[in-house]
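Keep the structure open as you read.

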Amino acid sequence: MFGPRVEGRNGVALLPSTVEHFKLHPVWEAQPEVGRFWGPRFGDLTEVHQEEHFKKVAADQTQIQWTIAYQEEPVGFTGIFDIDWVRRDGESGIFIGRHDLFGKGIASEAVRLRTDFAWREMRLHRVHNWIALANRGSRRANEKSGYKQMGVYRKSFFRSGEWYDEWLGEAYPHTFPDPR
Amino acid sequence: MGLGGTIRGKKTTLRLPAEADLDTYNSWMADMRVRRAHRMWHEPAMPATWKERLTETAKDKTDVLWSIAADSRIVGLAAGRFWSVTQLGFSLRQFVIDPQEWRKGYGFDAALALHRYLFDYIDLPRVGVELRADNVAALRIAERLGYVEYARGHEVHYRDGGYVDETQLFMDKDAWRDRWGATEREYAPLASDATR
C-alpha cells in the first residue's frame, strides 16, 4: 500500500507514489553515484517491470511506501516493509535517488516523517533496519529519529577492495525524540 | 530452486517434500509448542491451501523447502532462502522438529547435515539464522554448530501476552572448517587417478 501525503519541514514531503514515480527508480538505481551502499546496478530495470512492481506494492498489505518529494519534485522513496501485524514490527528503508541533493537533510526529514507516522498512525511497536556502517549520512538520519544500534554485521559485502560492515538499528515509540 | 533434494544425516534425512507431508505440516503449525518456539512458515489452513503453498514454493527462485525424515516417518521441516548472485549466503528461516520427537537428537543431526550441504557442497561463505532468545534448544544447536551472535533485537516476537527478544546469528565457512571440516564431507576426496 502507499502512504498518504505527509507534509514535512524545509520543502520535504512524503507522497503516495504513482507509477510515474516508480519509473524513476531504475533510472536512479543505475547510477554509480548512488550505488556505493546500494546495488547491484543490474536487473530488470524496464518500465514494464516497474508498472508490475507498482501494482504489487499497491496491493501488498505488509508494506507502506512513499515517494520522497523535495520542493514538489520526486527525489527518492522510503517505506516500511515486511510488516508483521501481530508483532507490529517492520523493516524500514530509504533511498535518495538524486545524488546532487545529498547533504541537504532530505533523508533526515523523510525518516522523521516516516517514523512519526509509524507510531502515531500505524500503531507499530518497533521498526528496524540495516544500513551500511560507513553510510554515516543514512545512519545519522535514522539515529536522529530514535533508531539505536542493536548489532553490527561484519563483512557484509565487498566493494572496491574493501569489506563493508552493516549497522543494525531498531526504534520504538519511546525512542522517538520529536518534541513537536 | 524450490524443493530440496536428499541430504543424509546419521539419524535423519532431509528429503523432497511431498503432498503426503502437508497434513503433518498443518498439525505442526497449529501446535502451540511449535508456535511458541518458531516463526510460522504458514498459518494452519485447508488441504487445498497447503497444496497451493507447496506448488508456489516449488516455483520459488530463492526459497528451498525440505521435509526431515527419521526411520521412514516425517519428523520435521526446514526452509530457507538463498541470498543473491552478488551476495552469497543462506538464511535458515524455519527449522521445525515435531514436538513428539524432541530430545532425540534429530534437530542437531538434521542441522549438521544441512550445514554440511550448505558449506561443503554448495560452498557458501555464510549462513544466518534468527532465533527467539528464549529458544534454548535451538540456541544450543546453533552454538554447537559454530554460530555467533551479531545482533539482538529487543521485544521482537509477541506471544503469551508479551514480547520476547530475538537473537541474530551467523556462521561462516571458516567456522565450519575449523569445527567440522575434518569430519564432515558430502563426498570422499576424489581418487588420485580420477581425472586421468
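With which residue does Arg5(A) form a salt bridge, and how far apart are the closest N and O atoms? The partner is Glu72(A), and the closest N and O atoms are 2.8 Å apart. Look at where the two residues sit. Arg5(A) lies in the segment before strand 1 (6-7) of chain A, while Glu72(A) lies in the loop between strand 3 (64-70) and strand 4 (73-84) of chain A, so the pair ties together parts that are 67 residues apart in sequence. Bear in mind that this is a predicted model.

Arg5(A) also forms a salt bridge with Glu7(A). Here the closest N and O atoms are 2.3 Å apart. Now check the surface. Glu72(A) is exposed, at 53% relative accessible area. Glu7(A) is exposed as well, because its relative accessibility of 51% lies over the 50% cut-off. Arg5(A) is partly exposed, with a relative accessible area of 41%.

Next, turn to chain B. Glu149(B) pairs with Arg152(B) in a salt bridge. The closest N and O atoms are 3.7 Å apart, and that counts because the cut-off is 4 Å. Glu149(B) is partly exposed, with 43% relative accessible area. Arg152(B) is partly exposed too, at 30% relative accessibility.

Back in chain A, find a network. Asp84(A), Arg87(A), Asp89(A), Arg126(A) and Glu170(A) are linked by salt bridges.

Finally, take the overall tally. How many salt bridges does a search of the whole structure find? Over all chains, the search finds 34.

Methods
Residues numbered from 1 in each chain as written. Chains lettered and ligands numbered in written order. Predicted model: local features only at pLDDT ≥ 70, side-chain atom pairs only at ≥ 80, totals over all residues. Heavy atoms only, no water. Salt bridge = Lys/Arg side-chain N within 4 Å of Asp/Glu carboxyl O. Buried < 20%, exposed > 50% of the residue type's maximum accessible area, 1.4 Å probe, protein only. Helix = DSSP H or I, 4+ residues; strand = E, 2+ residues; numbered from the N terminus.
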